[in-house]
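Student: I am new to this structure. Could you walk me through it with a few questions and answers?

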Amino acid sequence: MGTAHSFVCSQCGEKHSDLPDLAFNAPYHYSELNETERKRAKLSADFCEIDQDRFVRGVLPITIRDYDAETFSFGVWVSLSAENFERYKALFKEEDPQEPPYFGWLCNHINGYPDTLSLKTNVVLQPYPSRPHIHLESTDHPLAKAQREGIMMDELMAVLHTHGAFDGG
Ligand SMILES: [Zn+2]
């Protein structure tokens, strides 16, 4: 995150010295499976397979307008076509992946926004070891607007507190 300045949070009044991460360890679809069903699925840090469905983890960057234009990134999962999933796997360690964006459906519920599940995205591969960047389709959805225009720290803090991102440390 670079510069280590702290700020007083408008949500809880505490001083936070760093932005926490907010990342999902799996697509929502995986978290919904019971133990038996999970035996049919595969989940790693970057890839998930559930029956015919294919998911990859990426980062959804948003500029914080009043915080030195730093970027906050949500760690989220998207579903890809089986073909693009295999291409990404093959290119995973590529340092200069020359790929057109892949279409992906957002596969997590980000609290603090109207439902984010199944928002349309473009998935842009990044040089290894960075995860792909997720760009939301430019719609009126508040998260898409936030990504397009940036957000204010107050709004981001509200979202992070909704997720308990500052709890336990
Ligand atoms: Zn706070």
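Student: Where is T116 found?

Tutor: Happy to start there, and please keep in mind that this is a predicted model. The two strands to look for are β8 (102–106) and β9 (120–124). T116 is found in the loop between β8 and β9.

Student: Is T116 buried or exposed?

Tutor: Let's look at its surroundings. Not counting residues up to four places away in sequence, T116 touches L106, N108, H109, I110, H141 and L143. Buried means under 20% relative accessible area. T116 has 0% relative accessibility, so T116 counts as buried.

Student: Which strand holds S79, and is S79 buried or exposed?

Tutor: S79 is found in strand β7, which covers residues 71–80. Beyond its neighbours within four places in sequence, S79 is in contact with R54, F55, F103, G104, W105 and C107.

Student: Which element gives the most residues to the largest nonpolar core?

Tutor: That core has 46 residues, and L19, F74, L156 and M157 touch the most other members. The elements that give two or more residues to this core include β5 (47–50), β6 (53–63), α3 (82–91) and α5 (153–162). The biggest giver, with six residues, is β7.

Student: Which residues is F74 in contact with, leaving aside its neighbours within four places in sequence?

Tutor: F74 is one of the core members that touch the most others. Its contacts, with those neighbours left aside, are L22, G58, V59, L60, I62, I110, L143, L156 and V159.

Student: What is the geometry of the site of the zinc ion?

Tutor: Begin with the protein donors: C9 (SG), C12 (SG), H16 (NE2) and H161 (NE2), lying 2.1 to 2.4 Å from the zinc ion. Along the chain they follow the spacing C-x2-C-x3-H-x144-H. Ideal angles for four tetrahedral donors are 109.5 degrees. Here the angles among the four donor atoms are 98 to 115 degrees, and the site is tetrahedral.

Student: How many Å separate the C-alpha atoms of P142 and Y113?

Tutor: P142 is found in helix α4 (residues 142–149), and P142 is partly exposed at 34% relative accessibility. Leaving aside its neighbours within four places in sequence, P142 is in contact with Y113 and P114. P142 and Y113 are 29 residues apart along the chain, and their C-alpha atoms are separated by 6.8 Å.

Terms used:
Residues are numbered from 1 along each chain as its sequence is written. This is a predicted model: local features need pLDDT of at least 70, side-chain atom pairs count only at pLDDT 80 or more; totals for chains, interfaces and linings use all residues. Side-chain values use heavy atoms; hydrogens and water are left out. Helices (H or I, at least four residues) and strands (E, at least two) are DSSP runs, numbered from the N terminus. Buried means under 20% relative accessible area, exposed over 50%, partly exposed in between (1.4 Å probe, protein chains only). Contact means heavy atoms within 4.5 Å. Donors are N, O and S atoms within 2.8 Å of the metal (3.2 Å for Na, K and Ca); water is not among the atoms, so sites may look incomplete. Four donors count as tetrahedral if all angles lie between 85 and 135 degrees; four count as square planar and six as octahedral if opposite donors are over 155 degrees apart and all others between 65 and 115; anything else is irregular. A nonpolar core is a set of buried Ala, Val, Leu, Ile, Met, Phe, Trp, Tyr and Cys residues joined through side-chain atoms within 4.5 Å.
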